[in-house]
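Here is a short note to go with your first look at this model. Please keep the view open while you read, and take the points in any order you like.

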Amino acid sequence: GMTIGKIVGEPIALHGLAHDSAGHRERVAQLLRTVGLQPAYANRYPHEFSGGQRQRIGIARALAGEPKLIVGDEPVSALDVSVQAQVINLLETLKQDLGLTLIMVAHDLAVIRHMSDRVAVMYLGEIVELADVDALFDAPLHPYTQALLRAIPASSPHERRAKPALSGDLPSPTAPPSGCRFHTRCPHAKPHCAQARPVSERLEDGRQVACHFWREIQNAGGGAPLATSVSPKLIERLAIYRERQT
């Protein structure tokens with residue numbers, strides 16, 4: 001097995017970012033400090049660390065090559081909620097301090113709402129809606145986005161909400177439906193949707209939506225704002241963690 005120092009230091013060596021072994025060690029130590037870990041951990045092995053610490057080690061390795069862009073594929077989904085808050089805060093701090101662009105691939109809409117500036121919603125491998133985060137959550141235009149947001153569990157049993165209006169199972173991505181890929185499950189689908197593939201339309205505010213009838217759906221009240229706040233538990237954890245840091 002490789003030590004943490006070797007794991008984090010590999011991109012430094014590959015990209016020739018240190019002039020000698022002392023410089024290499026110092027860069028590894030600096031990266032571990034950046035993600036909130038002790039430089040002495042460089043001599044230890046991954047199995048000795050918790051899930052949250054291992055995620056920090058992964059972030060340190062991603063930063064080692066001095067990237068301008070980092071792709072995080074479900075970066076917090078396997079972590080406990082309290083640890084999620086720490087890793088989310090760490091990523092946000094790094095984004096600001098290092099001028100990073102983060103692309104987050106995630107299914108947890110609360111995390112997406114908290115972290116994102118812009119959101120692309122995908123269905124069967126195609127982007128159906130792209131918008132600034134507040135616009136998307138406050139007034140979703142595409143029927144799939146609307147169904148996704150309605151599916152978020154209510155934080156209170158008193159908060160009644162319309163059930164998602166989707167029927168049927170997800171079609172196979174290797175043999176997607178004709179026309180609009182969503183038409184087999186869409187509550188607003190018309191015959192035209194099965195025949196013609198919708199072109200992604202760019203609106204004045206920069207939002208993009210790929211739906212033949214989004215205007216009619218919107219006018220009928222299909223995209224009314226929904227209660228889609230970040231879960232109170234996650235907000236509480238984020239707030240507590242920020243207080244400790246300041």
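How do the residues of the lining of the largest pocket divide into nonpolar, polar and charged? The first point below takes this up.

1. **The largest pocket.** The lining of the largest pocket divides into 20 nonpolar, 4 polar and 3 charged residues. Here Ala, Val, Leu, Ile, Met, Phe, Trp, Tyr, Cys and Pro count as nonpolar, Asp, Glu, Lys and Arg as charged, and the others, Gly among them, as polar. The pocket has a volume of about 750 Å³. Of its 27 lining residues, M104, S116, R118, V119 and A120 are the closest to the centre. At least two lining residues come from each of β2, α5 (109-115), β3 (118-123), β4 (126-132), α6 (133-138) and α7 (143-150). (Helices, H or I of at least four residues, and strands, E of at least two, are DSSP runs numbered from the N terminus.)

2. **How to read this model.** This is a predicted model, in which local features need pLDDT of at least 70, side-chain atom pairs count only at pLDDT 80 or more, and totals for chains, interfaces and linings use all residues. Residues are numbered from 1 along each chain as its sequence is written, and side-chain values use heavy atoms, with hydrogens and water left out.

3. **The cavity.** The structure holds 1 cavity of 30 Å³ or more, and about 100 Å³ of space lies in the largest cavity. On a 1 Å grid over the protein atoms alone, a cavity is a set of points where a 1.4 Å probe fits but cannot get out, while a pocket is an open set with protein on both sides within 12 Å along at least five of seven lines; lining residues have an atom within 4 Å of a point. Grid points are joined across faces, edges and corners, and a volume is the space filled by probe spheres set on the points. Of the 15 residues lining the largest cavity, P143, C180, C186, C193 and C211 lie nearest its centre. This lining has 11 nonpolar residues, 4 polar and no charged.

4. **Salt bridges.** You will find 11 salt bridges (a side-chain nitrogen of Lys or Arg within 4 Å of a carboxyl oxygen of Asp or Glu) in the structure. E10 and R61 form one, at 3.1 Å from N to O. E10 sits in helix α1 (residues 4-14) and R61 in helix α3 (residues 51-64), so this pair ties together parts 51 residues apart in sequence. E10 is partly exposed at 34% relative accessibility, and R61 is partly exposed at 32%. (Buried means under 20% relative accessible area, exposed over 50%, and partly exposed in between, with a 1.4 Å probe and protein chains only.)

5. K95 and D117 meet in a salt bridge at 4.0 Å, N to O. K95 lies in helix α4 (residues 81-98) and D117 in the loop between α5 and β3, so parts 22 residues apart in sequence are tied together. D117 is exposed, with a relative accessible area of 56%. E126 also forms a salt bridge with R181, the closest N and O atoms being 3.5 Å apart. That pair links distant parts of the chain, with E126 in strand β4 and R181 in the loop between α7 and α8 (191-195), 55 residues apart. Salt bridges that share partners join R113, D134 and D138 into one network.
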